[in-house]
Amino acid sequence: MPYFKDTDGRLHFLDDASFIHLLPEGSVEITDAEAAQMHAPTAEQAKAHKWEAIKAERDRRKAGGVKVGAKWFHSDDGSRIQQMGLVMMGASIPANLQWKTMDGTFITMTQALASQVFQTVAASDQAIFTAAETHRVAKEASADPASYNYSGGWPKIYGE
């Protein structure tokens with residue numbers, strides 16, 4: 001009894017028959033199967049929703065850090081700006097500048113290290129972009145895009 005369809009084709013649910021008077025005029029009771037079909041996204045909606053989820057994972061991973069040597073460095077937008085500044089400073093980086101890594105320890109920042117971090121972030125961005133595009137293509141080809149699993153094939157981030 002809980003599902004109804006109004007004259008505009010919208011789905012309504014009642015958890016108590018005493019609320020039937022709240023339904024729009026002309027609403028008719030439908031089966032659970034009919035309600036499920038109405039509620040199910042179209043293939044295009046499922047693809048769009050899954051693509052949004054893939055992009056969210058891509059963006060999460062872009063901010064998930066990069067490993068240079070034995071240390072993980074932040075890769076969020078603010079850290080990227082600071083890293084660009086270090087690269088631009090070049091040999092003018094202050095001596096003994098202590099840089100905090102993702103595990104909370106400090107490391108002495110040098111011109112060479114700043115360059116390595118910057119290059120690693122760029123390479124990580126490319127690898128993450130490639131993984132996202134691979135998932136996008138596979139999702140588009142999937143017979144059931146709503147169930148497409150995009151959890152594998154990503155570059156590692158801090159904590160994995």
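This is a predicted model: local features need pLDDT of at least 70, side-chain atom pairs count only at pLDDT 80 or more; totals for chains, interfaces and linings use all residues.

A: **A loop residue and a helix**

Thr-101 sits in the loop that joins S6 to strand S7 (106-108). Its relative accessible area is 1%, so Thr-101 counts as buried, the cut-off being under 20%. The Thr-101 side chain makes a polar contact with the side chain of Asp-103, at 2.7 Å. Leaving aside residues up to four places away in sequence, Thr-101 touches Lys-71, Trp-72, Phe-73, His-74 and Ile-107.

Now the helix. H3 covers residues 77-89, 13 residues in total. From first C-alpha to last, H3 reaches 19 Å. That is close to the 18 Å expected at 1.5 Å a residue.

Which residues of H3 are buried? They are Ser-79, Arg-80, Gln-83 and Leu-86. These residues lie on the same side of H3, because they cover an arc of only 115 degrees around the axis.

What do the buried residues of H3 pack against? Their partners are helix H2 (43-62), strand S6 (98-100) and helix H4 (111-141). S6 is also one end of the loop that holds Thr-101.

The other side of H3 has exposed residues: Asp-77, Ile-81 and Met-88.

Last, the two ends. At the start of H3, a side-chain oxygen of Asp-76 comes to within 3.2 Å of the backbone nitrogen of Gly-78. After H3 comes Gly-90, with a positive phi near 55 degrees.

Notes. Residues are numbered from 1 along each chain as its sequence is written. Side-chain values use heavy atoms; hydrogens and water are left out. Helices (H or I, at least four residues) and strands (E, at least two) are DSSP runs, numbered from the N terminus. The expected span of a helix is 1.5 Å times one less than its number of residues. Buried means under 20% relative accessible area, exposed over 50%, partly exposed in between (1.4 Å probe, protein chains only). The arc is that of the directions from the helix axis to the C-beta atoms. Contact means heavy atoms within 4.5 Å. A polar contact is a pair of N or O atoms within 3.5 Å; within protein, one must be able to donate a hydrogen and the other to accept it, and residues adjacent in sequence count only if both atoms are side-chain atoms.
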